[in-house]
Amino acid sequence: MSESLVLLGQHGAVRTLTLNRPKALNSLTQAMHVELLAALQQAAADPGVRCVVLTGAGRGFCAGQDLADEGAAPAAAGQPPTDLSLLIERCYKPLCEQLRAMPMPVVAAVNGVAAGAGANIALGCDLVVATESASFIQAFTKIGLLPDSGGTWLLPRLVGRQRALGLALLGDKLSAAEAQAMGLIWRCLPDADFELAVAETAARLAAMPTKALVATRQAVDAAQHLSFGESLALEAREQKALGSAHDYLEGVSAFMAKRAPAFTDR
């Protein structure tokens with residue numbers, strides 16, 4: 001049997017998903033999409049998973065779409081043009097929507113180049129941690145396309161319109177340090193410290209109140225489309241739900257008793 005295109009690992013309540021086409025810098029194929037979406041759905045359904053880490057094998061995170069793969073390869077001369085919308089609807093839209101809907105935090109551990117769709121899939125995760133040697137490239141215009149995989153939604157919200165357009169139009173390579181400085185990613189770390197820092201971050205998230213973390217993500221995203229008053233109302237509704245859950249009672253009890261809390265809601 002051929003080796004899996006997505007490797008699964010588990011340490012405590014942390015599930016690690018590793019894109020596994022290292023010779024191709026983990027560029028995405030339809031077969032990899034099937035495995036990755038299934039792995040995310042399995043993690044979402046597993047009550048023992050409280051944090052997911054998405055990373056890449058070898059020296060890259062993900063170089064984006066494999067342009068030789070069926071569905072993306074240009075049609076032969078005389079044939080109807082390849083309809084890229086079919087690939088997006090069939091593969092990228094379900095994947096990106098699943099990432100945003102995960103019932104636990106997702107950390108992108110960017111260990112090398114993240115280009116094109118690979119960059120935007122990383123940016124669609126809750127936290128992005130990258131090595132100093134990593135880079136982010138909005139490579140779409142270099143081949144006559146526009147940013148997809150949520151890039152047109154994510155980039156201006158992360159770094160503002162001017163920087164978003166600069167990244168998207170020019171397609172220049174952005175170092176992880178530059179990405180952190182402009183607020184595109186959460187942290188840039190020395191390569192030697194990367195694996196330990198990712199593990200510590202994921203373990204910390206896994207020990208936190210998962211429902212509250214997910215509600216925070218959802219409220220922050222929703223607030224982009226709401227007035228201030230509407231956001232206050234949303235906060236009130238969410239606090240009502242969270243305030244009646246076990247983790248709030250446990251958190252307050254632990255705080256009063258000066259002990260470590262044991263959160264269990266998910």
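Visitor: Why is L28 called buried?
Guide: Buried means under 20% relative accessible area, exposed over 50% and partly exposed in between, with a 1.4 Å probe and protein chains only. L28 has 1% relative accessibility, so L28 counts as buried. This is a predicted model, where local features need pLDDT of at least 70, side-chain atom pairs count only at pLDDT 80 or more, and totals for chains, interfaces and linings use all residues. Residues are numbered from 1 along each chain as its sequence is written, and side-chain values use heavy atoms, with hydrogens and water left out.

Visitor: Where is L28 placed?
Guide: L28 is in the loop between β2 (14-19) and α1 (30-45). Helices (H or I, at least four residues) and strands (E, at least two) are DSSP runs, numbered from the N terminus.

Visitor: What is L28 in contact with, leaving aside its neighbours within four places in sequence?
Guide: Contact means heavy atoms within 4.5 Å. On that basis L28 is in contact with H33, C62, G64, Q65, D66, Y92, A117 and I121.

Visitor: Why is Q138 described as buried?
Guide: Its relative accessible area is 5%, so Q138 is buried. Q138 is in the loop between β8 (135-137) and α4.

Visitor: What joins the side chains of Q138 and N120?
Guide: A polar contact of 2.7 Å joins them. The term covers a pair of N or O atoms within 3.5 Å; within protein, one must be able to donate a hydrogen and the other to accept it, and residues adjacent in sequence count only if both atoms are side-chain atoms. Beyond four places in sequence, the contacts of Q138 include N120, L155 and G171.

Visitor: How much space lies in the largest pocket?
Guide: About 580 Å³. Of its 25 lining residues, C125, D126, L127, R217 and V220 are the closest to its centre. A pocket, on a 1 Å grid over the protein atoms alone, is an open set of points where a 1.4 Å probe fits, with protein on both sides within 12 Å along at least five of seven lines; lining residues have an atom within 4 Å of a point. Grid points are joined across faces, edges and corners, and the volume is the space filled by probe spheres set on the points.

Visitor: Which element gives the most to the lining of the largest pocket?
Guide: α8 does, with six residues.
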